[in-house]
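The following exercises are to be worked through with the sequence and the structure at hand. Each task is followed by a solution in steps.

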Amino acid sequence: MTEKQKTKRTKIKHALESSEFGTGIVVKGWVRTRRGNKNVNFIALNDGSTINNLQIVADPAIIDEETIKRCTTGACISVDGELIESQGAGQSVEVNAKAIEILGDADPETYPLQAKRHSMEFMRDIAHLRVRTNTFSAIYRVRHAMIFAVHKFFNEKGFYNVHTPIITASDAEGAGETFKVTTLDLNNVPKTEEGEVDYKQDFFEKEANLTVSGQLEGELAALALSEIYTFGPTFRAENSNTTRHLAEFWMIEPEMAFYDLSDSMDLAEEMLQFLVTYALENCKDDLEFLNKRAIEEEKTKPQNERNELTLIERLEFVKDNEFVRLSYTDAIDILRNSKPNKKKKFQYIIEGWGADLQSEHERYLVEKHFKKPVILFDYPNEIKAFYMRQNDDGKTVGAMDILFPGIGEIVGGSQREERLDKLQERMEAMGIPVEEMSWYLDTRRFGSTPHSGFGLGFERMMLFVTGMTNIRDVIPFPRTPGNAEY
Ligand code: 4AD
Ligand code: MG
């Protein structure tokens, strides 16, 4: 090895896979733990390239005592040493340190992450440092793998990725849960003669907000490119402090010309199975770690709330089993006659057809009744968005939601209303500003065709793949009511 190569850093992942014993190596990373005595010290070093730590052997006869002392949990160090076959159990290689350079100290008096188990709540308070733990670095790596797998899946199918705007003047879901975007001085808002906010004087000269969904713009692209997908941040100002809602989350929204609702269900099922398979094949070490972690967490729950399957078993199950497809009407029958409904155990009792399903109902169907992912379709038009295709029965729309164990709704989608008159009628009935949405209606005026699409909530998928139970733990910097730190 030349001098130049010797100074090159080796990633810990590669060092652990290497069997070039006796050669020089430079590794850099953050100290997880240090233990030892007067004769020898063992430092567990991690650089994020793998969940596994590399053991550094520091002999006080070679490395001065002061330096060894500064190798505390959290400190960043560079180690110049020799790769050797490990003597101890639990690892195959280790590094005999010849020199250690402290790149950054981490004062044990004030460094918040010590080598012990911290609660998830505590970790959320120090989200700027939590990626330095095994759990969160595993989640970040799996998240990356899933992002990559999404693009791989669609690219291999010939879908085009489209960037839809983040700032928009429309509210795609029509739910009025948008964050406003303005440069007006909030302490001195210009008013019209009628006393309303004068948006003409605002940056965009009209009311603007952060997007809740890229779907409407995605439809524009699909009606030219045939098959597209978006993968972007979406923003919802719904004040729901749950373990499944974020104010800022990422959504994958494929949109396909010439697809009917069942084609769209096929695609969604294939996509979910692809993502799960990709994780199983490419994130083995991290999933094994998360699997063990979830088993420990399960033990803290009451017996009747525990999962029958482990995380990895749940992933295998989704990969290998077809999803159940069930109409909303059939689901209502099952729910109405279910034990928790009859015994009034549900918080929201299902009285009859037309009820909006809550997460408790979705989870009952998936976890108790079918014990499989479920695709529900043909929902009442009253509870669904304006763009969904009216069915011939006059009371349902071609909507579909995919429900997953432990999560409830993970995908929401529909066949779109491609008939101009029906769409306009429905928009008017629902108070959607038809004039302002003229650009959307142009797709129906010119060369309209049946088309469908859906949205996968990326963080909900991450919950499923990692076995975490709070959505705040699967996005690096969660945005929730009262929380916009960092
Ligand atoms: O069901 P939603 O609201 O559907 C749409 O936005 C459609 N425009 C999608 C489409 O057809 N192109 O949202 C889709 C998915 C949900 O199933 C859920 O997984 C996720 O987005 N989602 C959220 N995830 C985290 N936090 C929130 N507040 C979420 N709201 C929706
Ligand atoms: Mg939905």
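**Exercise 1.** How many Å separate a polar side-chain atom of E238 from a nitrogen atom of ligand 1?

*Solution.* The model examined here is predicted. Begin with the side chain: one of the polar side-chain atoms of E238 is found 2.8 Å from a nitrogen atom of ligand 1. Turn next to the backbone, where a polar atom of F454 lies 3.4 Å from a nitrogen atom of the ligand. A polar backbone atom of G457 is 3.3 Å from an oxygen atom of ligand 1. Finally, consider the surface: ligand 1 exposes 630 Å² when taken alone, and the protein buries 93% of that.

**Exercise 2.** Which element gives the most to the lining of the second largest pocket?

*Solution.* The second largest pocket holds about 650 Å³ of space. Its lining has 31 residues, of which R32, R132, T133, N134 and T135 are the closest to the centre. At least two lining residues come from each of β1 (24-36), α4 (120-125), α5 (134-156) and α8 (284-299). The most is given by α5, with five residues. By type, the lining comprises 10 nonpolar, 12 polar and nine charged residues.

How values were computed
Residues numbered from 1 in each chain as written. Chains lettered and ligands numbered in written order. Predicted model: local features only at pLDDT ≥ 70, side-chain atom pairs only at ≥ 80, totals over all residues. Heavy atoms only, no water. 1 Å grid on protein atoms, 1.4 Å probe; cavity = no way out; pocket = protein on both sides within 12 Å on 5 of 7 lines; lining within 4 Å. Points joined across faces, edges and corners; volume = space filled by probe spheres on them. Helix = DSSP H or I, 4+ residues; strand = E, 2+ residues; numbered from the N terminus. Nonpolar A, V, L, I, M, F, W, Y, C, P; charged D, E, K, R; others polar. Polar contact = N/O pair within 3.5 Å; in protein donor to acceptor, adjacent residues only side chain to side chain. Areas by Shrake-Rupley, 256 points an atom, 1.4 Å probe, with all protein chains shown as cover.
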